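Subject: A structure for you to look at

Hi,

Here is the structure I promised to pass on. Please open it alongside this email, and then read on for what turned up.

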Amino acid sequence: MGEDDFAMAAAALDRCGWLDGHGGDLRRRLLAHGTLRVLPAGRWAYAEGDDDSGILVVVRGALQIYAQAPGDRDVLIGQIGHGNAIGQTARFGGGPRLVTAISTAASLVLQVTDAALTAIARDEPLIWQAIASLNYAQLRMMVQLLAEITALPPRQRLAARLARFASDARIGAALPLSQQALGEMVGLSRKTVNACLADLEQRGLVRRRYGAIEVPDAAALQAHAFAMEA
């Protein structure tokens, strides 16, 4: 790995809010004890049911997150990009991996195993508080997404998910999302997604591109999603 890769990894860790407020130099230690992995498009970062645990931070590219549904179907439930983290640790009594993470394009991730986290904790025990913050953030996100899917009509549901992605993305970056993937994440058909996107585009809230969606103003899109009458 080159210096640019490590610099980008440091920038990704700077975006990890769950590391804030825990003292010490946790970002530097995660970078020192973690391993940078290059994932070609379609490569599995890990699979649901894997025994190994730890965290992954997306440095470049994106990971799509799948969970097993009834009937042995794998369903797409989310996507994370630069500066987002996912994972769990056996330290808090966790079991096998809960989801499958697959790269959507050539990606670079920082992998920090449970063994690496334990090594960090010898000098910086507050790392466990930071990991607890990450676990809470993941749980809170799942609760919010469930509430949106349950309560919002199709167009607003779609707008809410896009606004969330846009808020997480780097400023000016197009969201690498196909209509099929977006529909699967929010429980809508591709036809319905296309109609909703056309409506949002007419309102000036999104711009459709080949294999991507641009959101000029994430705050405006979120306001539209949660308006009582949209």
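A residue is called buried here when its relative accessible area is under 20%, exposed when it is over 50%, and partly exposed in between (1.4 Å probe, protein chains only). Helices (H or I, at least four residues) and strands (E, at least two) are DSSP runs, numbered from the N terminus.

Before the findings, a word on the source. This is a predicted model, in which local features need pLDDT of at least 70 and side-chain atom pairs count only at pLDDT 80 or more, while totals for chains, interfaces and linings use all residues. Residues are numbered from 1 along each chain as its sequence is written, and side-chain values use heavy atoms, with hydrogens and water left out.

Helix α7 covers residues 190-202, which makes 13 residues. From first C-alpha to last, α7 reaches 18 Å, close to the 18 Å expected at 1.5 Å a residue; the expected span is 1.5 Å times one less than the number of residues. Its buried residues are Val193, Cys196, Leu197 and Leu200. Down the axis of α7 they fall within an arc of 100°, so they too line one face of the helix. As background, an α-helix has 3.6 residues a turn, so residues three or four places apart point the same way. The face of α7 turned away from the buried side carries Lys191 and Gln202, both exposed.

What do the buried residues of α7 pack against? Their partners are α5 (154-168), α6 (179-186), β9 (207-209), β10 (212-214) and α8 (218-225). Just after α7 comes Gly204, with a positive phi of about 80°.

**Two domains**

The domain assignment gives domain 1 (3-147) and domain 2 (152-226); such bounds come from an automatic or database domain assignment. Taken over C-alpha atoms, the centres of domain 1 and domain 2 are separated by 24 Å. Domain 1 brings 14 residues to the contact and domain 2 brings 12 residues.

Buried area is the accessible area (1.4 Å probe) that two parts lose on being put together, summed over both. Between domain 1 and domain 2 it is about 1,100 Å², and carbon and sulfur atoms give 49% of that. Leu76, Gln79 and Leu145 supply 43% of the area that domain 1 buries against domain 2, more than any other three residues.

**Salt bridges**

Side chains of opposite charge can pair when their charged atoms come close. A salt bridge here is a side-chain nitrogen of Lys or Arg within 4 Å of a carboxyl oxygen of Asp or Glu. How many does the structure hold? It holds 13 salt bridges, yet across the interface of domain 1 and domain 2 the rule finds 0.

- Arg155 and Asp199 meet in a salt bridge at 3.9 Å, N to O. Arg155 lies in helix α5 and Asp199 in helix α7, so the pair ties together parts that are 44 residues apart in sequence. Arg155 is buried, at 16% relative accessible area, whereas Asp199 is partly exposed at 24%.
- Asp52 pairs with Arg97, with the closest N and O atoms 3.9 Å apart. Asp52 sits in the loop between β2 (44-46) and β3 (54-60), and Arg97 in the loop between β6 (85-88) and β7 (100-103), 45 residues apart. Asp52 is partly exposed at 39%, while Arg97 is buried at 5%.
- Asp20 pairs with Arg27, the closest N and O atoms being 2.7 Å apart. Asp20 is partly exposed at 45%, and Arg27 is partly exposed at 22%. Together with Asp14, these two residues are linked in a network of salt bridges.

**One more residue**

Finally, have a look at Ser107, in strand β8 (residues 107-113). Ser107 is buried, with a relative accessible area of 1%. Leaving out residues up to four places away in sequence, Ser107 touches Arg37, Val38, Leu39, Arg60, Gly61 and Ala62.

Enjoy exploring!

Best wishes

Terms used. Arc of directions from axis to C-beta. Contact = heavy atoms within 4.5 Å.
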